[in-house]
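Let's take a walk through this structure together, piece by piece.

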Amino acid sequence: MRVLYVESPIGFGGSLTGLLHLIRELPPEIEPILVTSFDPAPYIELPEGLVHRRVAIGGRRGSGGGPLAGAWRYFRDDVRPWRRAVDELIGEFAPDVVHANNALSANWGAGQAARRRGVPSISHQKGFEYSGRLTRWLVRQSSFTRHIATSGAIAEHLVELGLPRERISTIYEPVIGPVEAPPTRSGNGRLVVGMHSILGPWKGQHVVIEAAADALRRGRTDFELVVAGTSPAGETEYLDELQRLAARLGIADRVRFAGHQRDVYQFLARIDVAVHASVGPEPFGRVAAEAMLCGVPTIVTTGGGPEEYVRHGETGLHVPCNDVAAMSAALERLAASPELRRRMGAAAREYAVAAFDPRRLTTKVVDLYHALVEAPSERE
């Protein structure tokens, strides 16, 4: 069976990481072809034998002009180019299934191309859609045969937008973790709190820096904050802003910016507490799952996927989105108790090994492929 994977974002992130983890676990019967609009080589290694094509999409963007102008730009800059590119790739590779990754709105053109060619298709929803009449229309007019939601929160979001529940399968992201949890840090030296994700205001690095300053100011705990990751497309404005914020709050000597981490598990092996601080509901939260697989207790913001699988008080802590005081208190609580960190980390590892098992989750996706191919009536 041949599957065409479409990665629609214009830059590297957790969306492609999750897709590649799935591709690495595919059985030999599946022949994967991946199309992206950017070069992933500087960020991650592609699986051996994967056919990869890069298409030039995503260069033009504009603003202003009201909703109608915005809708027109969306169809001009996203829908039409992806519809054309996927149509050509279907003609070249003759896939049995088109698997479009990331979001329905970003993948809408791919769904149209698959339907026109009579190929069953899946939209793998890894993010919350913007609200509004255009989005609801796109969801109701979806050309995809099935939809995969990366968490229960995403599934409910799609239903609220008008997608029939029976067309949705909820499957967590497969996460390939270390074979064994890294050794527990000895506790010698300063405690290390770590964040690893794309650098962007929506990820909340500024909230954690403010919370760290608040906790350190009280003097009851002592720790270093390490912020890993880079901004999309090499932008530096937000990084500059974070560095100025740390200096203004007087903790520049306690905050280190580590850049992109090609091996996240080496990074996680050097920290004591992980933080995932998105300022809005996070669809899945791969970085929290990766920390759990390393046996690291994790602080996560509520409202999305991480709230489902990080058990408050057992495998980590919950805090409201964008709440500096609550984040500060959570940092203090974990920093003050090595025993609490050890207990939570062990429980997190035990849960995550089962919940994010790549082979089990990939089998669910492959079963869905077979169901679509073997039931042509579902393409209507």
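In this predicted model, the buried residues of helix 5 are covered by several elements, including strand 5 (121–125), helix 4 (133–140), strand 6 (146–149), strand 7 (168–170) and helix 10 (305–309). Which residues of helix 5 are buried? Look along residues 152–160 and you'll find Ala-153, Ile-154, Ala-155, His-157 and Leu-158 tucked away as buried. The helix lies across strand 5, strand 6 and strand 7, and it runs at about 165 degrees to strand 7. After helix 5 comes Gly-162, with a positive phi near 110 degrees.

Seven strands make up an open sheet with parallel pairing, in the order 3-2-1-4-5-6-7. Strand 3 (51–54) and strand 7 sit at the edges, each pairing on one side only. On average, neighbouring strands here are turned by 20 degrees against each other, ignoring direction. As background, strands of a sheet pair through backbone hydrogen bonds, either parallel or antiparallel.

| Strands | Bridges | Facing residues |
|---|---|---|
| strand 1 and strand 2 | six | Leu-4 and Ile-33 |
| strand 1 and strand 4 | five | Tyr-5 and His-99 |
| strand 5 and strand 6 | four | Ile-122 and Arg-146 |

Strand 1 (residues 2–7) is mostly covered, with five of its six residues buried. To get from strand 1 to strand 2 (residues 31–36), the chain passes through helix 1 (residues 14–24), and this β-α-β crossover is right-handed. Helix 3 (residues 104–117) also belongs in this picture: it lies across strand 1, strand 4, strand 5 and strand 6, at about 170 degrees to strand 4.

Next up, the aromatic rings. How many aromatic pairs are there? The count comes to eleven. Take Tyr-172 and Phe-284: their ring centres are 5.8 Å apart and their planes are at 55 degrees, so this pair is tilted. The two come from distant parts of the chain, 112 residues apart: Tyr-172 is in the loop between strand 7 and strand 8 (191–196), while Phe-284 is in the loop between strand 11 (273–276) and helix 9 (286–293). Are they buried or exposed? Both Tyr-172 and Phe-284 are buried.

Phe-284 has another partner, Tyr-309, in a tilted pair with 5.5 Å from centre to centre and 45 degrees between the planes. Tyr-309 belongs to helix 10 and Phe-284 to the loop between strand 11 and helix 9, so this pair ties together parts 25 residues apart in sequence.

Asp-272 is in the loop between helix 8 (264–268) and strand 11. Why does Asp-272 count as buried? Its relative accessibility is 11%, and buried means under 20%. The side chain of Asp-272 reaches the backbone nitrogen of Val-192 at 2.8 Å.

Glu-235 is in the loop between strand 9 (223–228) and helix 7 (237–248). Glu-235 counts as partly exposed because its relative accessibility is 48%. Its C-alpha atom is separated by 9.2 Å from that of Leu-199, although Glu-235 and Leu-199 are 36 residues apart along the chain.

How values were computed:
Residues numbered from 1 in each chain as written. Predicted model: local features only at pLDDT ≥ 70, side-chain atom pairs only at ≥ 80, totals over all residues. Heavy atoms only, no water. Buried < 20%, exposed > 50% of the residue type's maximum accessible area, 1.4 Å probe, protein only. Contact = heavy atoms within 4.5 Å. Phe/Tyr/Trp six-rings, centres within 6.5 Å; stacked < 30°, edge-to-face > 60°. Polar contact = N/O pair within 3.5 Å; in protein donor to acceptor, adjacent residues only side chain to side chain. Pairing = 2+ DSSP bridges. Right-handed = clockwise from strand over helix to strand, strands pointing away. Axes fitted to C-alpha atoms, helices over the stretch in contact; angles between N-to-C directions.
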